[in-house]
Amino acid sequence: MDKALEIKRLEVSFIPAGKKRVKILRGVNLAIGKQESLALVGESGSGKTITARSVMRILPRSMYLESGEVLIDGTDVRKLTENDLMDMRGRLAGMIFQEPSSYLNPVFTAGSQIEEAIKDSEFNLGSSPLRGEDMVGVKARISRTERKKLVLKMLSEVGLKENVYYQYPHQLSGGMQQRVMIAMALINSPELLIADEPTTALDVTTAYGIIELLKKMMTRYGLSILFITHDISLAANFAQKIAVMYAGKIVETGPARDVFSNPLHPYTERLISCLPERYKTGERIKVIEGHVPDFNALPKGCAFHPRCPYKKEICLYKEPGEITKGTTTVMCFKYG
Amino acid sequence: MKNFLRRLKRTNSLSFYSLWLLVVLYALAILADFISPYPYDLQCREYALCPPTVPHISVPGRKLCGPVVYGIVVVNPAFKEYAFDSSRRYKIRFLVKGPERKIFGLLKTDRYLFGVEEPGKIFLFGTDLHGRDVFSRVLYGARISLSIGIIGVTISFVLGLLVGGISGYFGGRTDTILMRTVEIIMMFPFFYLMLALRAAFPPNLSSIQIYFLIVIILSLIGWASLARIIRGMVLSLKEEEYVLAARSLGISSFRIITRHILPNTLSYTVTALTLSIPGYILGESALSLLGLGIQEPYPSWGNMLSVTVGNLRILTMAPWMLIPGFFIFLTVLAFNFFGDGVRNVTDPKNW
Ligand SMILES: Nc1ncnc2c1ncn2[C@@H]1O[C@H](COP(=O)(O)OP(=O)(O)OP(=O)(O)O)[C@@H](O)[C@H]1O
Ligand code: SF4
Ligand SMILES: [Mg+2]
């Protein structure tokens with residue numbers, strides 16, 4: 001069976017004007033099954049957003065997909081023409097972002113922006129709870145009234161009132177804006193949703209509401225979700241699988257419960273031991289010593305070795321390969 | 001639109017009333033055929049440089065009557081001295097019958113808004129050197145002066161958005177070529193460029209040819225600065241995150257430019273356009289003033305003023321000939337106030 005998303009040996013380079021090329025993603029492997037959620041965890045600057053944008057093929061101007069494959073439902077997005085890409089975006093995969101306020105166009109109402117996202121005809125997606133069986137494969141233009149009905153239906157799906165249709169982004173709270181983003185991303189019923197830190201900019205209760213909404217939409221739409229966060233406890237709470245990213249590589253991936261309760265990679269271990277709820281009161285806040293490596297000057301061998309308490313001779317000059325231990329896959333010489 | 005007006009009234013009432021003033025001015029221009037009592041080229045040579053005939057509703061002896069004008073007495077034809085004889089009264093009548101005219105070349109009418117019984121004359125703004133009614137000429141002249149701004153600005157707007165949008169969005173060599181062209185145009189002072197362009201064409205063109213020539217010259221100059229600013233805005237707007245979001249939704253580049261980027265420049269462009277309309281009106285006036293614009297006998301506010309330039313005798317004897325200048329002043333001011341209000345209102349953050 002095809003995976004909802006499969007990323008194989010993905011490499012992405014950044015070529016700044018007049019400077020040397022820098023590899024940002026250094027062979028990312030990732031797989032999300034159908035109706036499965038995977039949380040991509042890592043520190044700021046580890047390459048999570050770049051991974052997400054590679055999937056949507058909306059990389060910054062100076063970044064290039066070097067090699068590897070990105071398969072959405074079996075379709076390699078690297079081989080798609082510009083037109084097919086446009087079709088893919090929104091229909092096969094949708095994306096929501098960290099700062100909903102700046103990802104909404106300030107001069108249009110929420111309703112008109114969601115409406116704008118509606119694609120005229122169905123791809124090959126089967127039925128969706130929103131449109132019903134009869135809409136499948138319909139190639140005709142959707143009429144204005146039909147569009148509006150669709151948007152109003154979607155608004156109620158994401159827990160917003162009808163009057164939001166007529167409101168401008170700045171009249172909405174952050175949580176409502178994120179719900180509008182979700183409505184936009186899901187209006188064409190894609191099977192894959194990429195959520196790039198959707199709750200980081202929100203307060204705790206609002207964030208909780210968004211998480212609950214994503215869970216609901218997952219079952220309702222048969223969605224698969226790539227959930228990006230730097231909060232590993234949220235990741236364990238939300239997703240079935242966790243992938244931990246460090247300096248442009250997935251260093252550990254496995255079922256959320258296993259990774260969280262029994263972390264294998266030293267970096268994952270530190271991420272978990274640094275969580276606030278783990279300290280007793282009065283104890284100093286723990287941080288991972290050292291800092292995120294500069295992509296211009298990555299350490300040789302294992303990129304984590306300057307910060308790793310378990311480092312061995314071999315870690316300094318050789319990059320570890322993937323090792324499967326039980327349900328988890330890890331990249332570390334500690335395990336052989 | 002209704003919203004727009006309501007917001008305009010609330011945030012900037014001066015601008016709101018300016019809009020109404022503009023509406024009235026444009027209505028006068030469109031209805032000139034119906035409102036003006038005389039054709040713009042009708043000469044009453046015996047009454048050249050006659051002062052305004054003031055309508056009266058009461059006559060000496062405090063007796064009220066319908067609106068009347070007094071008869072004009074020529075005191076000294078050589079020195080253009082006139083007096084009014086209050087014993088000769090002519091009733092002002094509304095919806096009077098006269099030779100058939102077409103309102104804006106479309107609607108036939110043989111009735112005008114007002115007129116006066118023969119042989120009385122009504123010159124609300126006096127007459128010019130040839131004895132033509134200044135009031136009627138101001139109305140007909142408004143057609144030139146008021147439309148030149150709108151048409152010129154429309155051409156500038158289209159050119160500016162197009163060139164600015166393409167330049168900013170595609171960048172690279174296209175951008176370089178377009179922007180160097182723009183800079184060359186902007187390098188010349190507006191006034192001299194206008195004169196130079198006008199001089200490149202033969203002086204003896206028909207009125208309609210000159211009209212379009214002026215519009216084209218003015219908008220060829222006007223689009224450059226707009227294009228430059230639009231390009232700068234597009235350059236930064238295309239990096240906006242909502243553009244990224246639109247791309248992630250599979251919206252095409254064309255729609256992204258037209259639906260997401262350019263509308264965000266609208267609050268600027270609409271304001272800039274409203275504020276640049278006076279430039280066109282003044283530009284036409286300046287050309288006409290120098291005799292390079294609209295030719296007699298067809299009136300424009302600019303060429304009506306031109307006879308007064310450097311003619312002190314006329315200025316002191318017949319100050320009513322400056323009335324077209326007052327209308328230019330009024331229009332320019334109204335557009336400026338209106339533009340100010342539009343700036344406030346079109347920015348959604350102010351709602
Ligand atoms: N538009 C861009 N232009 C140039 N470099 C970029 C751009 N976006 C990201 N980078 C670089 O790519 C690397 C990976 O960035 P990325 O945004 O993927 O990190 P992230 O894991 O999403 O971090 P965060 O948690 O802060 O969002 C960083 O070193 C960053 O400096
Ligand atoms: S490979 Fe070596 S340095 Fe890297 S995490 Fe494992 S033990 Fe530490
Ligand atoms: Mg990020």
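**Figure 1. The contact between chain B and chain A in the predicted model.** In this predicted structure, 19 residues from chain B and 28 residues from chain A take part in the contact. The size of an interface is often given as the accessible area lost when the parts come together. Here chain B and chain A bury about 2,200 Å² between them, and 58% of that area lies on carbon and sulfur atoms. Of the area that chain B buries against chain A, B:Leu244, B:Ser248 and B:Leu249 supply 27%, more than any other three residues.

**Figure 2. Salt bridges and polar contacts across the interface of chain B and chain A.** Side chains of opposite charge can pair when their charged atoms come close. Across this interface, 3 salt bridges are found. A:Glu116 and B:Arg259 are joined through their side chains in a salt bridge, with an N to O distance of 2.7 Å. The interface of chain B and chain A also holds 6 residue pairs in polar contact, both residues being at pLDDT 80 or more.

**Figure 3. Helices on the side of chain B that touches chain A.** Helix H8 (241–248) and helix H9 (253–289) of chain B each supply at least two residues of this side. The largest share, 6 residues, comes from H8(B). By class, the residues of the side of chain B that touches chain A comprise 8 nonpolar, 5 polar and 6 charged.

**Figure 4. Packing of helix H4 against helix H7 within chain B.** Helix H4 (residues 134–170) and helix H7 (residues 207–237) of chain B pack at an angle of about 35°, and their axes lie 6 Å apart. The crossing of H4(B) with H7(B) is right-handed. The contact of these two helices has 19 nonpolar, 10 polar and 1 charged residues.

Figure 5. Over all chains, a search of the whole structure finds 26 salt bridges.

Definitions and conventions: Residues are numbered from 1 along each chain as its sequence is written. Chains are lettered from A and ligands numbered from 1 in the order in which they are written. This is a predicted model: local features need pLDDT of at least 70, side-chain atom pairs count only at pLDDT 80 or more; totals for chains, interfaces and linings use all residues. Side-chain values use heavy atoms; hydrogens and water are left out. Contact means heavy atoms within 4.5 Å. Buried area is the accessible area (1.4 Å probe) that two parts lose on being put together, summed over both. A salt bridge is a side-chain nitrogen of Lys or Arg within 4 Å of a carboxyl oxygen of Asp or Glu. A polar contact is a pair of N or O atoms within 3.5 Å; within protein, one must be able to donate a hydrogen and the other to accept it, and residues adjacent in sequence count only if both atoms are side-chain atoms. Helices (H or I, at least four residues) and strands (E, at least two) are DSSP runs, numbered from the N terminus. Ala, Val, Leu, Ile, Met, Phe, Trp, Tyr, Cys and Pro count as nonpolar, Asp, Glu, Lys and Arg as charged, and the others, Gly among them, as polar. Axes are lines fitted to C-alpha atoms, for helices over the stretch in contact, and angles run from 0 to 180 degrees between N-to-C directions. A crossing is left-handed if the near helix is turned anticlockwise from the far one by less than a right angle, and right-handed if clockwise.
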